[in-house]
Amino acid sequence: MTTSPATVPESAVHDYDLTTDVLVVGFGCAGASAAIEAARAGAEVTLLDRAGGPGGASAMSGGEIYLGGGTPVQRACGFDDSAEDMFAYLSAVLGPHADTEKLRLYCDGSREHFDWLCSHGLTFAPRLYDAPTWMPPTDDGLMWLGENAWPYTELARPVPRGHRPETEAFGGWLLMEKLADAARAGGARVELDTRAHALVVDHTGRVVGLRARRYGDEITVRARRGVVLTTGGFVDDEEMLAHHAPHLTGNGKVSAGLDHGDGIRMAAALGAATRRMSVTQIALSVVPAMIARGMLVNAHGQRFRNEDVYPGLISVDAVRNQPAPWWVILDEQAYDEIPTGERWGVRPQHVTETLAELEEATGMPPGALETTVGVYNEHAEHGRDPYFHKNARWLRPLRPPYAAIDTRLGFDNAGRHKPGDNPAISGFTLGGLHTDVDGVVFDVAGRPIRGLFAAGRASSGIHGENYVSGTSLGDGTFFGRRAGRAAAGKPAGTGAGA
């Protein structure tokens with residue numbers, strides 16, 4: 001069991017080991033962004049992190065950043081975009097209950113935020129990866145994240161907005177390399193191997209610093225202007241998951257292994273409110289290029305979503321609403337058409353000449369898969385999918401021999417089977433501290449906690465009940481900037497992205 005932190009009254013502090021204007025706790029993308037902007041606003045900044053270096057979950061991520069509104073990369077790839085179309089798509093895909101105030105600011109400020117990222121050395125190749133995927137194996141700078149799939153094509157102009165740093169495959173390391181360098185170059189002092197565990201509060205209730213442990217010793221840091229919590233989510237804390245997001249307990253963690261909810265716990269000890277604590281990203285071990293060309297079915301042999309949509313939405317539907325196991329069904333032609341780099345080394349567990357044999361091999365009810373594939377083929381012959389509206393580009397009747405892939409086995413992006421009791425499912429948390437658009441943390445009575453700010457996965461950001469790639473790094477960097485400026489005392493309305 002994790003020990004709950006206790007707030008420290010300033011009267012109990014006899015001496016401070018460090019003093020700074022703005023103390024940023026957590027050196028991921030949100031923390032780095034907060035430090036950069038606080039320093040630009042004229043504050044002395046100290047960055048503190050429990051790890052031995054910067055990056056955290058941000059550095060281990062795919063690196064996609066959700067940006068739009070007409071970036072140079074979008075225009076170079078032949079797409080016109082607007083903040084309105086971006087807002088319409090994100091409102092639908094991140095909902096229900098997306099934070100529309102934060103989302104509106106994020107969309108309106110997205111074009112400027114792109115320029116800010118580029119000003120710190122990030123580059124994005126002006127090429128589009130034009131197929132469903134978790135993450136392109138190329139260095140293409142733009143990718144689709146479900147904008148061109150039904151029902152979102154009915155709600156907003158389809159425009160790709162997944163911006164990827166110019167490196168192949170995982171790009172989070174490059175994003176963090178540039179932001180960490182910018183934070184240090186801006187004058188931020190960095191204290192590593194230091195784990196914060198309690199906030200220091202003065203007699204008026206204002207946060208004025210914190211206590212931390214470094215190599216077994218206690219240190220106390222004073223923050224003259226504010227403390228910004230960017231400590232990440234709580235996916236690595238099974239106790240917190242059991243309380244708030246039990247569907248992820250015992251499953252894979254998308255993290256650096258350090259997301260124990262430290263910032264959320266410290267603020268909660270002071271009476272801070274939380275929001276959306278049950279909301280998570282979920283990734284099911286499916287290859288998007290396979291299900292787009294074939295189908296994904298539940299234990300009853302039934303389809304339940306158009307397979308060309310963002311795969312995270314399919315994952316949520318499967319894990320939270322559909323009976324397991326979940327099977328990928330395709331034929332030989334579909335498998336052969338998939339580029340080798342997009343197969344992730346995954347091969348079928350069952351191959352049969354008839355659907356009846358495949359039903360028996362997978363334990364599906366007799367006749368169920370025959371019915372599903374029969375209806376699918378009948379409409380695919382005419383380029384239609386009237387029940388789930390998959391794009392005609394991916395429609396083709398499936399022919400024998402048929403194959404099935406068991407998603408329960410799980411695999412990584414190299415096709416290696418993952419260990420664990422349930423390796424098919426992995427994710428991270430999206431709920432956190434209740435903040436305003438400038439990162440000010442509110443208490444359970446709805447009052448601002450003076451001197452305390454939060455951003456990134458330690459806070460509840462733009463998300464409602466859903467997630468698409470790039471909205472975590474995008475949210476973290478955008479609102480991290482605003483929190484940094486607010487903590488430094490920059491007047492409201494002149495913050496980052498305002």
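1. A cavity here is a set of points, on a 1 Å grid over the protein atoms alone, where a 1.4 Å probe fits but cannot get out. Grid points are joined across faces, edges and corners, and a volume is the space filled by probe spheres set on the points. On these terms the largest cavity has a volume of about 60 Å³. The count comes to four cavities of 30 Å³ or more.

2. Basis of the values. This is a predicted model, in which local features need pLDDT of at least 70 and side-chain atom pairs count only at pLDDT 80 or more, while totals for chains, interfaces and linings use all residues. Residues are numbered from 1 along each chain as its sequence is written, and side-chain values use heavy atoms, with hydrogens and water left out.

3. Confidence. pLDDT is the predictor's confidence in each residue, from 0 to 100. The protein averages 94, and 95% of the residues score at least 70. Over residues 491-498 pLDDT stays under 50; for that stretch the model has 16 contacts (heavy atoms within 4.5 Å) beyond four places in sequence.

4. Cavity linings. Lining residues have an atom within 4 Å of a point. For the largest cavity they are Leu430, Gly456, Arg457, Ser459, Gly461, His463, Ser472 and Asp475. By class this lining has one nonpolar, five polar and two charged residues, where Ala, Val, Leu, Ile, Met, Phe, Trp, Tyr, Cys and Pro count as nonpolar, Asp, Glu, Lys and Arg as charged, and the others, Gly among them, as polar. The second largest cavity has a volume of about 50 Å³. Its lining includes Lys102, Thr435, Asp436 and Phe479, and divides into three nonpolar, five polar and three charged residues.

5. Second largest pocket. A pocket is an open set of points with protein on both sides within 12 Å along at least five of seven lines. The second largest pocket holds about 440 Å³ of space. Of its 33 lining residues, Gly28, Thr230, Thr231, Gly232 and Asp259 lie nearest its centre. Helix H1 (29-40), helix H2 (56-60), strand S9 (194-201) and helix H15 (471-488) each supply at least two lining residues; helices (H or I, at least four residues) and strands (E, at least two) are DSSP runs, numbered from the N terminus. The lining has 12 nonpolar, 15 polar and six charged residues.

6. Two strands pair if DSSP finds at least two bridges between them. S9 and S10 (residues 207-214) run antiparallel and are joined by seven bridges, with arginine 195 opposite arginine 213 in S10. Five residues separate the strands of this hairpin, in which glycine 205 takes a positive phi near 95°. S10 also pairs antiparallel with S11 (residues 217-229), over six bridges. This second hairpin has two residues between its strands, and tyrosine 215 in the turn has a positive phi of about 55°.

7. Backbone points to check. Most residues other than glycine have a negative phi, and most peptide bonds are trans. Alanine 324 and proline 325 are joined by a cis peptide bond, with omega about 5°. The bond from proline 400 to proline 401 is also cis, with omega near 0°. Tryptophan 344 has a positive phi of about 55° and is buried (under 20% relative accessible area, 1.4 Å probe, protein chains only), at 13%. Histidine 389 has a positive phi near 65° and lies in the loop between H14 and S18.

How values were computed. Buried < 20%, exposed > 50% of the residue type's maximum accessible area, 1.4 Å probe, protein only.
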